[in-house]
Amino acid sequence: MNFIYDPVPWVINWLTQLLLSWGLSENFVTTLLYLIGAVLICLGAMLFTTMLIWAERKIGGRFQDRLGPNRVGPWGIFQSIADMLKIFTKEYINPVGIDKIPFNLAPVLAVAAVLAVWAVIPFSQTVFGSNINVGILYIIAIGGLGEMAIILAGFGSNNKYALLGAFRAVAQLISYEVPMVIVLLIPVMFSGSMGLNEIVQAQTIPFIVYAPVACIIFFICSIAENGRAPFDLLEADSELVAGYNIEYSGLKFGMFFVADFLHAFTSAIVFTTIFLGGWQGPGVEQIPVLGGAYMLIKTLLVYFLMLAIRFTVPRFRIDQMMALNWKILTPLALVTVVVTALVDKAIPHEMTVIRIGALLVVNLIIWLLADRMITIYRKRNPVQVVTGKLRPLARPEFLSVAEKETAQ
Amino acid sequence: MTGMQLIFLIAAAVVVSSAFMSVTSRRMIHAALWFVLALLGVAVIYALLEVSFFAVVQVLVYVGAIAILIIFATMLTRRALEDHGKQFNRATLMTLVIVSVIFAGLVFSLRSWPQLQSMTAPLSADQLDVGVLGLALTAPDGFALPFEVTSILLLAALIGSIYVAYERKEKKK
Amino acid sequence: MIPLYWYLLLAALLFCIGLFGVITRKNAVGILISIELMLNAANINLLAFWRYLYSDTGDLRGQVFVIIIFVVAAAEAAVGLAMIISAYRQKQTVVANEIDSMKG
């Protein structure tokens, strides 16, 4: 295999030969290479997070009609390093009355739960961590571990606000898992397997064309699972001061921060893998490295879309968020899955164009019906405007005659 | 000792010790968190048994839903004067004796069984695939009927539990 | 590599710890946790038997039984916790001995 066309398997092969020639046993060499791969992925992900934070602040600044950070280095690219140095050198404050083990374990578990997802994602045709045949369920199960981290943080801090924030956060996360899991049945149906490698290989035409409504539902649920705007009720300063990570300082808070941004990027990568075709693109069979490049480009596009939504849309209230999930997304997801399964079964797989056409028409019908129903419901129960009495403007023409005379 | 045996021993030690801490903790929240650790250990045991689907479903259902439900219930039923009084009631010593007798009985009744030392048969990858389980669960001459009955049972249980736990505003004093 | 009886011993030990918890725990939620431990022990037992004795015959009854136990455990945890919360609202206690208004 060529080094330029396919660098990672070439390096793995070379290392294997080298270690075997030193006389180590084969099992040991395999385990050692897995360990080295895991460490490299974790290091790469965490170091990439610094660039992501910089990109987010710059792009967010431009959306809000201001420059982002631009002092530290050209275009401010070293700003993240300055932030990191500050967070590393801050003191760990342990409040009185905390539970030591949950308090200290929570940030570690939060980051671990995000990094564990990177083990199953295929970066190109030959570069992936491991190909378990229940990859999609694994990703959602690891999300459950992330919720455990939030509960540990909430209970470990001896603080009522942290506890309330943790419970609201977990309630939001487990609610938005439901439509996400239901919608993930659709790519599984189309590709015939739950393993991520098979799903990417079945996407000669990306699944976003086959199932756009499912794609949108999955995207919304990913944003909600992250706790990003517009679902960032949990960390809004006006609601619950910083939510479940109030009592954390220094690198422990830094870990939560990194977990948040890395989770956003990981959601973008998972979305790309499942719905946008992963590493598929022109010319991937001859040059597998191009797969990694395509994946990076697609993921950064999806991440940009997440940023655009974050800096444009105002925040949801908690009852609006729950209503969105249980009243709109879950029935829509169920209907989409059932209808897509019926249409997919009715049309044989060979007639690709007719199949895509039928699925697109069905998705459009579902979308329009849902839109119609929501509009009718909103017309019948208009949202109560919660303000006080309308106060008149303070202008001279609204003053009464007596006040005008005393003013003159 | 091979790597798999070592992993099994570590996972088994984690499971047994967390289960023991879970049934003997004074504070309920500590018991719930040790329970979560025991469930994660059991998931590792399932992965060792090469039933990867059940390992993932264990984390998803038990840790991600049931354990969180138990933690929520612990939070909702806390009182200010928690951990008051003795943790164990009068029956503890007697129970210890009875449970040890039951365990010894289970162990001794297994010793005369000839297939005790059996090892795993090597299986091909597609026999352990989750698709085989899916086909069995939906085949009409397979297990489709128990599957459907179990789904209806779950639906009835969930509707019932929502109804029981619902706070009726008009009946509160 | 790993003989069958290691799994059976682990399942038996977990079951006995769960049984101990069910009988000695005062708190109702603690009793529920111990019941879930016993169900997990039964699952380990079933899956070990399936893998070692039946996995090459294509007979999937062990796995289907485990799936049904998962579902039943989830349903029972939901119903049990709903009843505990409801009883807590009425009687302000979760200690199992103190919910005794039907005691003869």
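Colleague: Which residues is B:Ala67 in contact with, leaving aside its neighbours within four places in sequence?

Modeller: Setting those neighbours aside, B:Ala67 is in contact with B:Ala32, B:Phe35, B:Val36, B:Leu39 and B:Tyr62. They are called contacts because the C-beta atoms of two such residues, placed from the backbone, lie within 7 Å. Keep in mind that this is a predicted model, where local features need pLDDT of at least 70, side-chain atom pairs count only at pLDDT 80 or more, and totals for chains, interfaces and linings use all residues. Residues are numbered from 1 along each chain as its sequence is written, while chains are lettered from A and ligands numbered from 1 in the order in which they are written.

Colleague: Thanks! Which residues have the most contacts inside the largest nonpolar core?

Modeller: B:Ala32 and B:Ala67 do, in a core of 169 residues. It is called a nonpolar core because its members are buried Ala, Val, Leu, Ile, Met, Phe, Trp, Tyr and Cys residues joined through C-beta atoms within 7 Å.

Colleague: Why does B:Val61 count as buried?

Modeller: B:Val61 has 20 C-beta neighbours inside 10 Å. A residue is buried with 20 or more other C-beta atoms within 10 Å of its own, exposed with 12 or fewer, and partly exposed in between, so B:Val61 counts as buried. This residue is found in helix α3 of chain B (helices are DSSP runs of H or I with at least four residues, strands are runs of E with at least two, numbered from the N terminus). Beyond its neighbours within four places in sequence, B:Val61 is in contact with B:Ile66, C:Phe70 and C:Ala74.

Colleague: And is C:Leu53 buried, partly exposed or exposed?

Modeller: C:Leu53 has 16 other C-beta atoms within 10 Å, so it is partly exposed. It is found in helix α2 of chain C, residues 28–54. Its C-alpha atom is separated by 20 Å from that of C:Asn40, 13 residues apart along the chain.

Colleague: Why is chain C called more spread out than a compact globule?

Modeller: Its radius of gyration is 17 Å, well over the 13 Å that the globule rule gives for 104 residues, so chain C is more spread out than a compact globule. The radius is taken over C-alpha atoms, and the rule is 2.2 Å times the number of residues to the power 0.38. The C-alpha trace spans about 55 × 25 × 25 Å along its principal axes. Chain C has three helices and zero strands, and 47% of its 104 residues are buried.

Colleague: How do you know that helix α3 of chain C reaches close to its expected span?

Modeller: Helix α3 of chain C, residues 61–91, has 31 residues and reaches 44 Å from its first C-alpha to its last, close to the 45 Å expected. That expected value is 1.5 Å times one less than the number of residues. C:Gln92 follows α3(C), with a positive phi near 60°.

Colleague: What makes up the side of chain B that touches chain C, by class?

Modeller: Chain B has 69 residues in contact with 57 residues of chain C. By class, that side of chain B has 53 nonpolar, 15 polar and one charged residues (Ala, Val, Leu, Ile, Met, Phe, Trp, Tyr, Cys and Pro are nonpolar, Asp, Glu, Lys and Arg charged, and the others, Gly among them, polar).

Colleague: Which helix gives the most to the side of chain B that touches chain A?

Modeller: There, 17 residues of chain B are in contact with 19 residues of chain A. Helix α3(B) gives the most to that side of chain B, with eleven residues.
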